[in-house]
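Student: I should like to examine one part of this protein closely. Could you please show me the structure before I put my request?

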Amino acid sequence: MRIEIKINSLDQSILDLVELPNPFRPISISMFETLESHASVEELMFIDSVRYRGPVDAISRLPRKDRDRYRAFIRESNEPWWDPIRLWEAWPEPLHSFAPLLRAGDSVLNTNDEEC
């Protein structure tokens, strides 16, 4: 599995990236196989809808009174290793450890340099 966010702005140095808001925060990773073994027929149909349409669209098709229940149902299958807040808070440290290599004008890693 690979999750990427593409940043279209080249007006920043690599070190400036730590100031960006966390683009991974709204992403959740769910493994529905963990739910399928004890899901009702209705819940299995909902899982199929999520796989086909995505969670937002699948939930929007439900009656309003059922939406919170199905949001909670999806959260039951969220992978514990995926913690985008913790991951985002941790990544500036290794990036800053490379700061001497990332200084302005470095033709190898500076995205503002025309030699890249």
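Student: Which exposed residues does the face of H4 turned away from its buried side carry? Please describe this helix in detail, together with its surroundings.

Tutor: Please note at the outset that this is a predicted model. The exposed residues on the face of H4 turned away from its buried side are Lys-65, Asp-68 and Arg-75.

Let us set the helix in its context. The protein chain contains six helices and zero strands. The chain has 116 residues, of which 28% count as buried.

Consider next the length of H4. With twelve residues at 1.5 Å a residue, H4 should span 16 Å, and this agrees with the 18 Å between its end C-alpha atoms.

The buried residues of H4 are Asp-66, Arg-67, Tyr-70, Phe-73 and Ile-74. Because these residues cover an arc of only 125° around the axis, they lie on the same side of H4.

What does the buried side meet? The buried residues of H4 pack against helix H1 (33–36), H2 and H3. In the pairing with H2, the two axes are 12 Å apart and the packing angle is about 75°. Angles of 65 to 115 degrees count as roughly perpendicular, and H2 and H4 are therefore roughly perpendicular to each other. Where they meet, H2 contributes Glu-42, Glu-43, Phe-46, Ile-47 and Val-50, while H4 contributes Arg-69, Tyr-70, Phe-73 and Ile-74.

Several of these residues also belong to the largest nonpolar core, which has twelve residues in all, among them Phe-46, Ile-47, Val-50, Tyr-70, Phe-73 and Ile-74. Helix H2 (41–53), helix H3 (55–60) and helix H4 (64–75) each supply at least two residues of this core. Leu-62 is another member of the core. Leaving aside its neighbours within four places in sequence, Leu-62 is in contact with Phe-46, Arg-67 and Tyr-70.

Finally, we may turn to the loop between H4 and helix H5 (84–90), where Ser-77 is placed. Residues under 20% relative accessible area are buried, so Ser-77 counts as buried at 2% relative accessibility. Apart from neighbours within four places in sequence, Ser-77 is in contact with Ile-29, Ser-30, Met-31, Phe-32, Thr-34 and Leu-35.

Terms used. Residues numbered from 1 in each chain as written. Predicted model: local features only at pLDDT ≥ 70, side-chain atom pairs only at ≥ 80, totals over all residues. Heavy atoms only, no water. Core = buried A, V, L, I, M, F, W, Y, C linked by side-chain atoms within 4.5 Å. Buried < 20%, exposed > 50% of the residue type's maximum accessible area, 1.4 Å probe, protein only. Helix = DSSP H or I, 4+ residues; strand = E, 2+ residues; numbered from the N terminus. Contact = heavy atoms within 4.5 Å. Expected span 1.5 Å × (residues − 1). Arc of directions from axis to C-beta. Axes fitted to C-alpha atoms, helices over the stretch in contact; angles between N-to-C directions. Parallel < 35°, antiparallel > 145°, perpendicular 65-115°, else oblique.
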